[in-house]
Amino acid sequence: MNLIDIQRVFESEGQPDEAQIQVWVDAALEDVNQDTEIVIRIVDEAESAQLNEQYRHKKGPTNILSFPFEVPDGIELNLLGDLVICAPVVASEASEQHKLLAHHWAHIIVHGVLHLLGYDHIDDDEAEQMEGKEIEILKKLNINNPYIEVTKA
């Protein structure tokens, strides 16, 4: 079972409900054969920018931050970590990229869960592997490849 704890400190139109988030988390964790726990915190631009600067030394808000939890030796805990999602950035990106808001939310959550599982995109090979995994998971959810540029007619 994949438990999620959703903390909504920022509410906006178009945010997915807990059931939808659970579907996306479950899809990303389909190959994980253990119970997991993830905290998902939905925030505004100010909190995202503060955390982005504090932990990544980058200015401004970002769509998602992933904080994997490293379980100390001898402790039995299924916590994978925390995801901090900036709802206004996700909405803005979806609009700019001509994507359905729900599909972009799904992509961002799948992307974050994969980071918690150890995937990364620092170099080209890692990025290719991670993007391939995202595309595969999203396809199972009937969501198109998020890396294909959509042009507005």
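This is a predicted model: local features need pLDDT of at least 70, side-chain atom pairs count only at pLDDT 80 or more; totals for chains, interfaces and linings use all residues.
Thr62 is a buried residue, with a relative accessible area of 16%. Thr62 sits in the loop that runs between helix H2, residues 45–56, and strand E3, residues 64–68. Which residues does Thr62 touch, once its neighbours within four places in sequence are left aside? The contacts are Ser48, Asn52, Arg56, Cys86 and Val89.

The loop between H2 and E3 also holds His57. In contrast to the buried Thr62, His57 counts as exposed, at 67% relative accessibility. The backbone of His57 deserves a remark: its phi is near 60°, a positive value in a residue other than glycine. His98 also has a positive phi, near 55°, and is likewise not a glycine. Please look for His98 in the loop between helix H3, residues 87–96, and helix H4, residues 101–116. With a relative accessible area of 39%, His98 is partly exposed.

Let me now turn to the salt bridges. How many salt bridges are counted in this model? The count comes to five, and I shall present three of them.

I begin with Glu30 and Lys140, which form a salt bridge whose closest N and O atoms are 2.9 Å apart. Glu30 lies in the loop between H1 and strand E2, residues 36–43, whereas Lys140 belongs to helix H5, residues 124–140, so this pair ties together parts that are 110 residues apart in sequence. Lys140 counts as exposed, at 53% relative accessibility.

The next pair is Lys133 and Asp31, a salt bridge with its closest N and O atoms 2.8 Å apart. This pair, too, links distant parts of the chain: Lys133 is in helix H5 and Asp31 is in the loop between H1 and E2, 102 residues apart. Is Lys133 buried or exposed? Lys133 is buried, because its relative accessible area is 15% and the cut-off for that term is under 20%.

Glu136 counts as partly exposed, at 37% relative accessibility. Through shared partners, these salt bridges join Asp31, Lys133 and Glu136 into one network.

One is a patch of negative charge, in which Asp5, Asp17, Glu18, Asp35, Glu37 and Asp82 gather. Within this group, Asp17 is found in the loop between strand E1, residues 2–8, and helix H1, residues 18–28. Asp17 counts as partly exposed, at 47% relative accessibility.

Phe69 counts as partly exposed, at 35% relative accessibility.

Conventions. Residues are numbered from 1 along each chain as its sequence is written. Side-chain values use heavy atoms; hydrogens and water are left out. Patches are made of residues with over 30% relative accessible area and no salt bridge: like charges are joined within 9 Å, nonpolar side chains (Val, Leu, Ile, Met, Phe, Trp, Tyr) within 5 Å. Accessible areas come from the Shrake-Rupley method with a 1.4 Å probe; for residues, only the protein chains shown count as cover. A salt bridge is a side-chain nitrogen of Lys or Arg within 4 Å of a carboxyl oxygen of Asp or Glu. Lys and Arg count as positive and Asp and Glu as negative; His and the chain ends are not counted. The place of a charge is taken as NZ of Lys, CZ of Arg, CG of Asp or CD of Glu. Helices (H or I, at least four residues) and strands (E, at least two) are DSSP runs, numbered from the N terminus. Buried means under 20% relative accessible area, exposed over 50%, partly exposed in between (1.4 Å probe, protein chains only). Contact means heavy atoms within 4.5 Å.
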